[in-house]
Structures are given as C-alpha cells and as structure tokens.
Amino acid sequence: MLSRRALLRAAALLPASAPVLASGTAFAAVPDLAPPPPVNRALFAPHEQRFAPYLVTLAPMVNDMADSGFFAGGWWRTPAATFNARVQEHVFTLAWFYANPRPWNPYAGDTDLLAALDAALGHYLSLQHSDGSFPEYSRNEHGLAPTGFGLGYLAKTLRMLRSAGVLPARQAQMATALRTAMTWFLNPGNRTVWQEPLHYANQTASGLAGAAFALKHDPDPALATSLTEAFARIAATGVSPAGFFHEERGHDMNYNFEVMLPELADAYHHNPDPNLVDMARAFTGFLSYNLLREPDGSGYMVNVAPSTRTSARWYDEVRPDPDRTALNWTFTRQVPLLSAFMTAREDLAEARAAWAASTDPVAPLAKQDTSPRILTHGLNGERFPSRRQRAAAIANLPYLRSHDFVELRRDGGQDFLYVRKPGLYLGGYFGNRASRSRTGLTFLWHPEAGTIICGLNDNNHACWSTVFPGQMPDSNGSLPATYFRGAPGGGTEWTGGSAPAAFGIRYGNANVTTDVLVTRRTIRRTVTANAPATEQIPLVLQPGDVLTFTDGTQAAFGGSTTATADGFDVRRGGTTIRFRWGTPLQATVAAGSVRYFRDGARRFHALRIPHQGTFDLKVIVG
C-alpha cells in the first residue's frame with residue numbers, strides 16, 4: 001500500500017485539480033519539505049548568490065504552509081491573513097527552485113515542492129475576484145498593489161511551470177487569471193489603478209511590468225495596445241514636474257529608487273517603450289540633487305526629510321546581493337548619470353568573491369525580509385557600470401560639477417530647494433507637509449567634510465527645526481517659503497534664474513518666522529518665535545570628529561555633553577564647521593540611536609540650544 005506522501009508525490013505530477021475553496025478547505029495535505037544539505041558557497045555562480053539565503057529559508061517557509069496552500073507563518077507581507085494575496089507571492093520562489101537545476105539546488109524536480117506549489121497556486125487563484133483584481137487588506141478589497149505585483153509573480157511563475165512541463169491544468173488557470181487581471185488593470189477608467197496624479201506610482205508600475213512580461217510570452221493584440229497606452233499614461237500621471245515619482249502626496253526615496261525605478265526597468269526588458277527611459281531620466285535628475293556623496297567613499301547620505309512613506313537614510317558605496325536597486329542598471333546606457341548610484345562591477349565582483357570564499361554558514365532570511373522581487377529581478381541578467389563609468393557619472397553630479405547654483409523644483413504646493421555655494425550645499429523642503437515628511441532646511445553638505453547636517457523624516461527629535469515645549473517642531477507642519485536675492489525682506493524676490501551672490505529664504509507659520517541668508521561659506525538663520533523655544537540641529541558626526549564648545553568644553557562622540565557657550569565647533573580632518581549664536585546659552589549635543597552606512601560609524605547627534613523666542617545662528621564652513 002502506498003504511503004500518503006507517495007500518493008501526494010504522484011498527485012503532484014497530474015493535472016491540477018480546481019483551486020481550493022476561498023474558505024480555506026483543502027483537497028490534500030501539503031507535504032513537508034526536507035531541509036537542504038549544508039550550503040557550498042563555491043557552487044554558486046556569482047550572479048546567483050542572491051538565491052542562497054532563499055535556499056536555506058525554503059523548507060521552513062513551505063513547512064509553515066497551511067494545507068489550504070496559504071503561506072502561513074508570517075514570512076511575507078502583512079496582514080498574514082488568508083485573504084491577503086500578497087502573502088502568496090512566494091509561489092515564484094517555489095517555482096524557481098523546482099524548475100531550475102543547479103549543482104547547489106537539491107529541490108529541482110522535487111515532487112514535495114511541486115505539491116506545495118500546486119496548493120499555494122490553488123489558494124492564490126481562489127482569491128481573485130471575477131473582475132480580475134486581488135485583495136490585500138480585506139477579502140472584498142479590489143486592490144492595486146496585490147493585483148499589480150501579482151501580475152508579475154504569476155506571469156513569471158507560469159513561465160517556470162511551462163519550462164518544467166508540469167501542472168498543465170494549473171497553467172491554463174493562470175493564463176486565464178492573467179488575462180482577466182490585465183484587462184482590469186490596464187483599463188484607463190479604473191480609478192483604483194489610475195488617478196491624476198497617481199497616488200502610489202510604484203504599484204501601478206509593477207502591474208505594467210507584469211503585463212509586459214505576460215504579453216511577451218502570451219501575445220494579445222488588444223491588451224498590447226492597452227499596455228502601450230498605459231505606458232504613456234503613467235509617464236503623464238506618475239512623474240512629478242519636480243522629477244520624482246508620485247507616492248502618497250509627495251516623494252519617497254525608498255519607493256522611488258528601490259521599487260518604482262526597478263519596476264520600470266523590468267518592464268523595459270520585455271517592452272522597450274521610450275516613455276520608460278524618459279521617466280528614468282527625469283527621476284535620475286531629481287535623484288542627483290538628493291543623494292549626498294560622502295568624500296571618504298562610504299556612499300551616499302539621503303536627503304530623507306521630504307520622504308513621505310519610509311526612511312531610507314543612506315546607500316553604501318558597494319551594495320552586494322541582495323540589492324533592491326540592482327535592476328536599475330537597465331537604464332545606465334540611456335541615462336549615464338544613473339551609473340553614479342550603482343555599484344561598480346569590479347566592486348561587486350570583489351564582494352561576491354569574498355562571499356564565495358567565506359566559511360560562515362548561510363543564514364536563513366528573517367520573516368518579512370524575504371522579498372521575492374530580489375529573485376525575479378535576477379532573471380534579466382546584469383550590466384553594471386565599470387569603475388571608470390561610475391566615476392565619470394559621479395563627476396557629473398550637479399553639486400560636484402558646479403559650485404554656484406540655486407535649483408528650485410515645485411509640485412503640489414511643495415518646494416524642493418537646493419543651494420550650492422563654493423563652500424557648501426544646502427537643501428530645503430517647504431510648503432505643504434505630506435505624511436511623514438519634515439519641512440524646513442533639511443541638509444548641509446561640505447565638499448571636503450561631506451554631510452554635516454541631515455534631518456530625518458517621521459522624527460520630531462531629528463529635524464532642523466524651531467521646537468516648542470512638548471517637542472513640537474515647526475517642521476512637523478506646513479512651512480510656506482519666499483525666496484530673495486539678498487537678505488529676506490531686504491532683497492528683491494528671487495523668481496528663478498542665475499544664483500545671486502547672497503540668497504535669502506523666509507519661511508514660517510503663525511508661531512515662528514525663520515529668515516535664512518546663504519553666502520559663499522556662511523548660513524545665517526534668524527528665528528523669531530512667539531514663545532520660548534529650542535533651536536534643534538540634526539548633526540551627522542563621525543568618530544574622528546573633534547567637538548568643542550566655545551567655552552572650551554569638549555563634547556564626547558556618542559555621548560551627551562552640556563555647556564554654557566555661544567557656539568560649537570565640529571572639526572573633521574582639515575575642515576571646521578562653526579556654529580555661533582552670539583550670546584552664551586546652555587546648549588547640549590547628544591547622540592541618538594540612528595547610525596549610518598553598513599559599518600555604523602557615523603551617528604546622529606542633536607545640537608539643541610533653548611532660547612527665549614529669538615535666535616540668531618551663523619553656520620560658518622571652513
């Protein structure tokens with residue numbers, strides 16, 4: 001008599017039954033998957049090293065599955081509920097390991113894995129509504145994100161099943177599901193997907209990438225026409241006049257650079273529509289003002305204060321696998337400046353050689369940190385820029401190419417301001433505050449010292465602000481601004497054109513007005529508030545910095561130091577940044593928990609100076 005597991009293995013090779021019921025009723029138990037043998041790193045091709053953590057995570061993930069095919073266990077996306085179609089996106093992961101023989105892959109052709117995949121697909125497809133959409137946050141939701149991302153995962157999973165020649169009935173179901181989903185998604189009258197401007201452009205882009213893949217392998221002239229129209233539509237509605245991609249009433253670095261741009265790249269691989277290149281070029285221009293290159297080669301600090309949804313704070317110089325931005329190499333030939341923000345191919349090769357030589361066990365992925373996009377984007381090959389190409393692009397960054405400009409980009413009542421002078425680069429974000437963002441001045445960068453000040457978003461203790469009692473910063477609200485040729489209120493209003501020798505900004509709300517005057521090596525910030533307040537300055541300090549108050553008190557990196565002084569100095573190498581406020585006040589510099597870059601050496605410190613409502617600060621760069 002055959003064992004239950006033998007019967008399950010035999011059943012997995014037969015045409016699929018109908019999907020499991022939406023209630024979760026299962027037709028058969030999902031078999032357990034045996035763990036892999038110890039991973040031999042040397043067996044992995046360099047570009048497939050990204051699969052190693054997924055290899056050792058696969059069995060725990062499959063063994064947590066419910067018999068219904070639901071990916072239980074909380075491995076991917078929240079809520080971890082049976083109605084959330086996004087939880088099921090790991091069908092691609094299972095399909096890849098089943099369909100791709102490799103010396104290091106013990107799961108190729110594994111019938112237990114195929115049975116689990118069949119069950120997972122059954123549950124996934126059972127969630128689709130009759131109009132083609134999928135739910136995420138409730139069973140009756142017709143969701144943009146689950147349908148958009150699902151198009152890509154289902155299309156690529158279908159491709160794997162076809163290459164392996166298995167589950168023919170399930171293949172037919174998936175092909176039908178994809179056509180129905182594309183019909184819903186590409187409809188210009190569908191306001192869940194298409195708004196003006198888009199609310200979550202990355203989610204719309206994901207569906208276009210999935211449709212491009214699906215239609216490449218299953219052509220449909222009518223849907224292909226709809227896709228071409230959709231590319232033009234997303235170019236018109238998804239890109240801000242300022243250059244970023246629309247996310248929740250503004251810009252978000254993480255979603256723009258790590259999700260949206262790679263999704264456009266994925267789409268371009270399968271349908272090289274010129275609108276996609278135009279979008280990549282527009283965003284790269286915006287990106288080039290907002291990633292702050294550290295002169296010591298650590299990487300880029302992020303002007304994160306304007307981000308509305310997430311808090312990407314830095315990008316390392318070398319980003320080995322897994323790198324969510326990796327597929328952005330797709331556009332580097334058409335948009336050479338984008339190479340500045342990619343890992344150089346020689347550096348990536350060195351990192352991968354070091355990974356292969358390591359004798360450490362490969363660690364499994366933590367729950368939720370298991371994005372299948374890391375794997376799907378690996379299907380498109382690689383063409384990273386060389387060190388030489390990258391260096392040429394870096395030299396062409398606006399604030400490295402020019403030493404004197406004012407760049408003002410506007411959209412939706414929000415101002416994104418960038419002021420370059422020979423001794424400094426200053427950023428600001430003014431107007432209507434959106435979601436987690438923080439308004440006001442946002443960063444100060446020096447050509448030799450790098451980033452000195454960098455405000456955070458979603459944090460009232462780490463924005464460059466006037467802070468009222470109860471830790472209420474003016475930056476946690478809208479701050480309309482006016483710009484001047486010369487001192488605010490004294491010079492003529494600046495409405496564009498060449499950079500004046502002295503550039504002024506006046507911004508504020510009902511409680512406080514702030515005037516800023518920027519000259520070659522000095523920023524003067526004058527605050528007039530209607531009540532006592534605190535000047536708060538978010539410093540980015542390094543362990544070798546020498547920190548001194550003007551009364552002689554030495555401040556400790558990583559600690560908290562208070563002094564009564566009229567100023568504070570940061571000496572970094574041969575550069576000294578001087579903060580002067582004219583009259584002795586009790587001031588504190590204190591470390592926070594936020595650290596930067598992979599090594600964590602740089603650290604956030606807040607400089608706070610309480611005052612009676614008027615405050616005159618000069619920042620002098622040496």
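The lining of the second largest cavity draws at least two residues from each of α5 (144–164), α7 (201–217), α9 (253–270) and α12 (373–376), where helices (H or I, at least four residues) and strands (E, at least two) are DSSP runs numbered from the N terminus. Of these, α5 contributes the most, with four residues. The lining is made up of F149, G152, Y153, K156, S206, A209, G210, E263, D266, R373, T376 and H377, and this set divides into three nonpolar, five polar and four charged residues; here Ala, Val, Leu, Ile, Met, Phe, Trp, Tyr, Cys and Pro count as nonpolar, Asp, Glu, Lys and Arg as charged, and the others, Gly among them, as polar. The volume of this second largest cavity is about 90 Å³.

The model is a predicted one, in which local features need pLDDT of at least 70 and side-chain atom pairs count only at pLDDT 80 or more, while totals for chains, interfaces and linings use all residues. Residues are numbered from 1 along each chain as its sequence is written, and side-chain values use heavy atoms, with hydrogens and water left out.

Rolling a probe the size of a water molecule over the atoms shows where empty space is left. On a 1 Å grid over the protein atoms alone, a cavity is a set of points where a 1.4 Å probe fits but cannot get out, whereas a pocket is an open set with protein on both sides within 12 Å along at least five of seven lines, and lining residues have an atom within 4 Å of a point. Grid points are joined across faces, edges and corners, and a volume is the space filled by probe spheres set on the points.

The largest pocket, in turn, has a volume of about 920 Å³. Its 41 lining residues include N254, E258, V259, R324 and R373, which lie nearest its centre, and α5, α7, α9, β3 (314–316) and α12 each supply at least two residues of that lining. The lining of this pocket has 16 nonpolar, 11 polar and 14 charged residues.

The discussion now turns to helix packing. Two packed helices are described by the angle between their axes and the distance between the axes; the axes are lines fitted to C-alpha atoms, for helices over the stretch in contact, and angles run from 0 to 180 degrees between N-to-C directions. The axes of α3 and α5 come within 9 Å and cross at roughly 20°, which means that α3 is roughly parallel to α5, a description kept for angles under 35 degrees, while those over 145 count as roughly antiparallel, 65 to 115 as roughly perpendicular and the rest as oblique. By class, nine of the residues in the contact of α3 with α5 are nonpolar, two polar and one charged.

Helix α3 (residues 91–99) also packs against helix α4 (residues 111–126), at an angle of about 150° and with the axes 10 Å apart, so α3 is roughly antiparallel to α4. The crossing of α3 and α4 is left-handed, and the contact joins V91, L94, A95, F97 and Y98 of α3 to L113, L114, A116, L117, A120, L121 and Y124 of α4. The residues of this contact comprise 12 nonpolar, no polar and no charged.

Finally, some backbone details lie in loops. Most residues other than glycine have a negative phi, and most peptide bonds are trans. The peptide bond from T78 to P79 is cis, with omega near -5°, and P79 lies in the loop between α2 and α3. R249, although not a glycine, has a positive phi of about 65°.

Terms used: Left-handed = near helix turned anticlockwise from the far one by under 90°. Contact = heavy atoms within 4.5 Å.
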